[in-house]
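Below are some notes for a colleague who has not seen this structure before. Please read them next to the model.

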Amino acid sequence: MTSKNTICLWYDGTALEAAQFYARTFPDSSIGRVIHAPADYPAGKEGDVILVEFNVAGIPCIGLNGGPAFSHNEAFSFQIATEDQEETDRLWNAIISNGGQESECGWCKDKWGISWQITPRVLSEALANPDRAAARRAFEAMLTMRKIDVAKIEAALKG
């Protein structure tokens, strides 16, 4: 791992499976070293995968198979900026169809409990729009959605 700062994500024995899914699903994602435990440890045995180095959309991560002691929550999420509805749909559907679950306002959770914000750039731009009435309409439209609908955000901007 070459990065000085790396996100460490805790898994219960499924770090490699998660990293493989992320590498297949998100552009600019890959798996690096897979490190096996040199001895037995509280959550596993010698030879088990203990660490997986990987990148998600260019962000360096380590998956740690630490056991069931900790679980993920919405306080941490990956926010993936998408260019259009097609990319939004592809990523959202990949997460949901692989055991994930929908949430509100563009958020979903993968089967390992990691939260994702699949956010079309048009939404981010709409919320920062200097026309505060247009920004408000886009924001209020977003509040009614699960997966973000680009056409509805664009329509809300226009009023």
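1. Leaving aside neighbours within four places in sequence, threonine 88 is in contact (heavy atoms within 4.5 Å) with Thr82, Ile118, Pro120, Lys147 and Ile148. Threonine 88 belongs to helix H2, residues 85-97; helices (H or I, at least four residues) and strands (E, at least two) are DSSP runs, numbered from the N terminus. Its relative accessible area is 0%, so threonine 88 is buried (buried: under 20%; exposed: over 50%; partly exposed: in between; 1.4 Å probe, protein chains only).

2. This is a predicted model: local features need pLDDT of at least 70, side-chain atom pairs count only at pLDDT 80 or more, and totals for chains, interfaces and linings use all residues. Residues are numbered from 1 along each chain as its sequence is written, and side-chain values use heavy atoms, with hydrogens and water left out.

3. The structure holds nine aromatic pairs (Phe, Tyr and Trp rings, the six-membered one for Trp, with centres within 6.5 Å; planes under 30 degrees apart are stacked, over 60 edge-to-face, the rest tilted). The rings of tryptophan 10 and phenylalanine 70 are edge-to-face, with centres 4.9 Å apart and planes at 90 degrees. Tryptophan 10 lies in strand E1 and phenylalanine 70 in the loop between strand E4 (59-65) and E5, so the pair ties together parts 60 residues apart in sequence. Tryptophan 10 is partly exposed at 26% relative accessibility, while phenylalanine 70 is exposed at 56%.

4. Phenylalanine 21 and tryptophan 112 make a tilted pair, 5.7 Å centre to centre with 50 degrees between the planes. Both residues, phenylalanine 21 and tryptophan 112, are buried.
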